[in-house]
Amino acid sequence: MSHYLITFLSALSDAGSLFVAAAGLTLVFGALRIINIAHGSFYAYGAFGATTLVGGLAAGSGRFWLALLAVPLAVACLGAAVEVTVLRRVYSRDHLAQLVVTYALFLIFGDLALRLWGSQSRSVPVPSPFAGSVTIGGGQFPEYDLFVIGAAVAVGLALWALLQRTPLGWRIRAAVEDRELLASAGTNVPLLFTTVFTIGAMLAGLAGVLAAPLESVSPGLDASIIISAFIVSVIGGLGSVAGAAIGAIVIALFNTAGVLWAPSWQPAFIYLAMIAVLAVRPWGLLGAAER
Amino acid sequence: MDTMHRWAKRGLMRRFVAPAVAVCAAVVGVGCSSSAPSSSPGPSTGSSTGAPVTIGVATTLSGAFAAYGIGGLDGIKLAVQDINSHGGLLGRQIHVATGDDQVDPAIGETVTRNLILNDHVAALFGSVSSAVGAAQEQLAGQYKVPIFFHLANDVGLTTTTFNKYAFEFSPNTDMEPASAALYYAREIGHGPVRIATITPDYSFGLDTVKAFLADLKKDGVTYTVTDQQTPALGASSFTAQIAAILATNPQYVFAGQYGADLVTLTKQGLGLGLFSKAKVGGMYDLQVLQALGAQAPAGAIAWDRAPFWTDNSSVMKSFVASYKSVYHGYPSEFAIIGYSAVQAWAWAVKQAGSFDGGKVSAALGGATVATIRGNITIRACDHQAEVNEEVGTIASAPDPTYGVTLWGSDVLDAQSSQIIEPCS
Amino acid sequence: MTPVTAKGRPVVRALAGHALIATALIVAVLAVAPAVLSVTALLNVQSAIGLALFACATNLLIGYGGLVSFGQGAFYGIGAYVVALAWLHLHASFWISFACAPVVGAAAALAAGLLALRTRRLYFALLTVAVSQLLYVVVQQLQFAGGANGVFGAMLPGFLTSSDNAYWFTLAVTVVGLLALWQVTRSPFGLTLRAIRENRERAEALGVNVFRHQLLAFVISGAFCALAGALFVVYDQSANPDLLNWTESGYPIFMAVIGGQFTFLGPALGALVYEQARDVLLVNFTDSQLVFGGVLLVIMLAAPDGLVGLLGRGGRELVARR
Amino acid sequence: MSAEPLLDIRGLTKAFGGFTAVAEVDLAVWPGTIHAVIGPNGAGKTTLFRVITGTHRPTRGTVRFDGRDLTGAPPHVVSRRGLTQSFQITNVFPRLTVLESVQVAVLARHRRSWDFTSARGRRTAGEAAELLDEVGLAAAAGAQAQTLSHGDQRILEVTLALATRPRLLLLDEPTAGMSPAETGRMVALVTALAAARDLAVVLCEHDMDIVFGISHEVTVLHRGRVIAHGPPAAVQADPVVADVYLGGEQ
């Protein structure tokens, strides 16, 4: 019986890191109507940044917590620079052009990462207070995974508070739901877009740092995460942060179901999940019905 | 001229003739850019001394498997550097041309075709992925250029798509699991024992698990397979698969993952208690052990095609020293195999007294060549090098001389004769 | 008084005249290629021609229909697999299986379209990715389809084994395919499709059954993508799962965007330029993706309407952005 | 006045969740007549139009047109039956030329939009060009719709609806944002076409001069309900209307 609990908790931990990665992507889409493929690059730079800052030192050192603060901010600055120099020119363009531009950025950042961090697999030791495991119902479960679940919930609450309780949050929601209202309220729209994109990049960097102790940090990390983040955002409904949370859980459960019942077909399950959801609700679970 | 007619004519001019002219320009451009002087492929085999001879390395230099491709390339470059410092081959210096296939067969084919036809390479060194390798093998056969596989080791390369210009210098996907099975059998005895497997969901991973289970039975072990997981290649999380495997409480686990995937699988397995509950085996080579650092799972079973640290011969010692002096790090197994493949090619060129692909391949088939991995015999029937595979267990502390946690002292040197399939 | 003769007959004839001259010009240059080019260059052009058909078939959806599908690689792969598997298992004649490829592609496109066209814009794009990735994962599991390595072998008939004949065949099929596609775009159906792209709600209010038109466009595009996939077999004599991967579906989109998605021949030009640029990049630059990304970015920012937009004298006016 | 109304709406109701936008509306429109539907903003005029054209499905009530039940039919079916709308916010095909835009409507009417064979020009250029002549847009035939002036785009908006040869035309504020001169041109165009083609027109308009100038019947909506209907003179004199709409709550 215990392994179902362990399986569920590990699914929850996967959902947590997926949510933090997807939240930035869906927030940027909601406010700016841009699907940012380079979001995967920001995630990878977050993870690589963590390996640089923490290095191979023993788990005891506090360098991980320093990285958890510093690296997302650095990635946020990179995001702001990208938004100001490149994305500002493509807001008026159609979806396809925006996709191709962000894909071009994805390719550029991919090769730069190879130059900066080389091609070797790297990894970050699990940070000290959470290095051990806790026994739950007879099974062993890593403490760090519990930390990741907690961090995801914290990010979710922080985003909820930002969107519901702050003037910036009101403007972001206005950008998502009713563009005309935004302009009429005298908002500095370009500054708002830069802010939202920077927040999106920071979330991607944070997700990267969080994931570094869990997996190997190597080239190709940006491609694998962007596909999962896309699927989670679409299932939840593009533009809805709450939808991203639900989408992350749906994907984690489908993955687990695949593992338990049809291991050899497991990689196909996330695509089946996406097709099933979109067949029932063509604009995602919580997405705004597009006319 | 009524407005309608004039409008139509102008409109059409834009929509058709402009792009039409552009298309023709592009085609003509194509003609010039890539049609190098269409001399016959392959090097000028005459012994015009002095003109450098090129060898081509078409491998993966970007993406998730870049570390493997670059590792092999470093070994090959070092071998060429050593040859050139001793006066080159037949009096001619050797030059290395490279190409990045980005693990995509179509790109791999383009890059390989370009090395053959534009760089006139005298020999080719194959890719990381077997799918790309198979496409390269066809080209090598078509243009009569010897191709040496030092990374891709799918048994198909020496059977289904084999031709006489292809040579496999790495233990193939039959030999590697057979060596692992020998070690497991030595550990287990006759059993009965409970085993689970987890491997990436593509041909290499699936073939490896199938061969391992078959060889284990052949080595007299009775076992029951409790679970078989096949996560996607490059998946970011194996927690669900590990939890499912643990639920069937196996005594032994066989992992087909390698490189970045094996690092991720190990870190997540440690957290879920996989290594404390079962004896896990995987391809824990230098790159994986360096990435894991302090998290390397002591006591886990590890196999590797050419680990330098288990070979105490003076030849290997000096190779490791010279590699370290050039690359400021230690050689991966692919650097070692790549280096030995170049040595074999050089030997065959001297033997045949020419760079001609046909002569070199004929000279090498069935021959025994001295390399940094000792004397290697290349089977005449399928050009599979009769090489050993090393299997051991991960040490509990970093190696004093190399500063990385490597293997313990008890290492099985699985002889090629024990693990190779007879000629079909 | 009225700017046009009663039945508008002279207008149409003039339109057709110019188009034929332009197409004949292109075909003539391409036809001369085998005599002029070396083996490599000929193979490059043959591959580019096949990709031009793939790009124009995809552009029927993107440029004309306003439907951004990221899954056309699925039908391209299906076309290749139909020919390869017919040879492997049924030992069918190449010509029959080659003719069946577009039919199977159309059937697959019908099924996928019924599912995908219920969604709009980005959801449609991502759903088509999901469908083609599902196919990509499934085909690797099917042992009879050669699993992850795909199907290799001498599947071409004697006639096509000579590189010149293979080139002629590819050129002929592509020209016929492009002319058929061109007729579709200039027909009433083509105009209605463009109207739907411009303003779906308005088209519906004028009595156009939007779903059916988009579905038919999806089926036609799927058929021609499968035909291009079958041409891949002529070039490469193999069918491997990577053809179905979403990265493969990205190529025709880049070609259409680079070439100019709002003109008919734009994607064909994009295919030629893309194929050569990629080969040159791969061979000469270690950081080929960095350079390609940079070039793609510059083209997107500097030439929003693709190369044809730049080249066409009045290109700016014809494709003025909304 | 023929025996049966062309458009016969009975007890039409449309609610979005709790909010009832249109409640129990009855509306009858006779062939060849101009019927104005007026009311303050938020009275439910646009929702009523959207339900009639099939963009929204009615919660209750029936829509009969030309003797056949059209309740809940999708927009393209409603349009094919001969009931077409032009939009309040200009809704044309930006990158199509004026001629091409009209040809799309003509093709749809002839059910030729599935035709792959003939060039689109042969079948429909003539008819489209004649219509452009009638509405005075012939000179702009080759220009892209997005390059036209606002007034011309409004005229193109109506022309597209006319090209489907409707029996009834729904005009949602056709003169919105137009100069007096352009308004005069539009009013003249609508009345001429109504007479020439025995076309019924349902007009939603704020400009009272137009409403009481050219319409044969007027219906006044307030908070989704019909509060008055009849000939213009009677409605103008009706105290309820004056209180609620003209003088009262604005």
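Let me begin with chain B of this predicted model, where helix α2 (residues 66-85) and helix α12 (residues 333-352) pack with their axes 7 Å apart, at an angle of about 40 degrees. An angle of this kind is neither roughly parallel nor roughly perpendicular, and α2(B) and α12(B) are therefore oblique to each other. Their crossing is right-handed.

Which residues of α2(B) meet α12(B)? They are Tyr68(B), Gly71(B), Gly72(B), Asp74(B), Gly75(B), Ile76(B), Leu78(B), Ala79(B), Val80(B) and Ile83(B). On the α12(B) side, the partners are Phe334(B), Ala335(B), Ile336(B), Gly338(B), Tyr339(B), Val342(B), Gln343(B) and Ala346(B).

I remain with chain B for its sheet. Five strands form an open sheet, in the order β2-β1-β3-β4-β5, and their pairing is parallel. Strands β2 (94-100) and β5 (166-168) of chain B stand at the edges; each has a single partner strand, so one side of each is left without a neighbour in the sheet. On average, and ignoring direction, neighbouring strands of this sheet are turned by 20 degrees against each other.

Within the sheet, strand β3 (residues 123-125) of chain B runs parallel to strand β4 (residues 147-149) of chain B, and two bridges join them. In this pair, Leu124(B) stands opposite Ile147(B) of β4(B). Helix α3 (residues 105-117) of chain B packs on the sheet, where it touches β1 (53-59), β2 and β3 of chain B. The direction of this helix makes about 160 degrees with that of β2(B).

I turn now to chain C. This chain contains 15 helices and two strands. Of its 322 residues, 64% are buried. Among contacts in chain C with a separation of 6 or more, 76% are between residues 24 or more positions apart.

One helix pair in chain C deserves a description of its own. The axes of helix α3 (residues 72-90) and helix α10 (residues 210-236) of chain C come within 7 Å and cross at roughly 50 degrees. The two helices, α3(C) and α10(C), are therefore oblique to each other, and α3(C) passes α10(C) in a right-handed crossing. The residues that α3(C) brings to this contact include Phe75(C), Tyr76(C), Gly77(C) and Val83(C), while those of α10(C) include Cys225(C), Leu227(C), Gly229(C) and Phe232(C). How many residues of this contact are charged? There are none: the contact of α3(C) with α10(C) divides into 14 nonpolar and six polar residues, with no charged ones.

Next comes the interface between chains C and A, in which 31 residues of chain C are in contact with 32 residues of chain A. On the side of chain C, the elements giving two or more residues are α5 (121-141), α11 (246-259) and α13 (288-302). The largest share, twelve residues, comes from α5(C). The residues of that side divide into 21 nonpolar, six polar and four charged.

I close with a hairpin in chain A. Strands β1 (residues 133-136) and β2 (residues 139-142) of chain A run antiparallel and are joined by four bridges. Thr135(A) stands opposite Gln140(A) of β2(A). Two residues lie between the strands of this hairpin, and Gly137(A) takes a positive phi near 50 degrees.

Definitions and conventions
Residues numbered from 1 in each chain as written. Chains lettered and ligands numbered in written order. Predicted model: local features only at pLDDT ≥ 70, side-chain atom pairs only at ≥ 80, totals over all residues. Axes fitted to C-alpha atoms, helices over the stretch in contact; angles between N-to-C directions. Parallel < 35°, antiparallel > 145°, perpendicular 65-115°, else oblique. Left-handed = near helix turned anticlockwise from the far one by under 90°. Contact = placed C-beta atoms within 7 Å. Nonpolar A, V, L, I, M, F, W, Y, C, P; charged D, E, K, R; others polar. Pairing = 2+ DSSP bridges. Buried ≥ 20, exposed ≤ 12 C-beta atoms within 10 Å, placed from the backbone.
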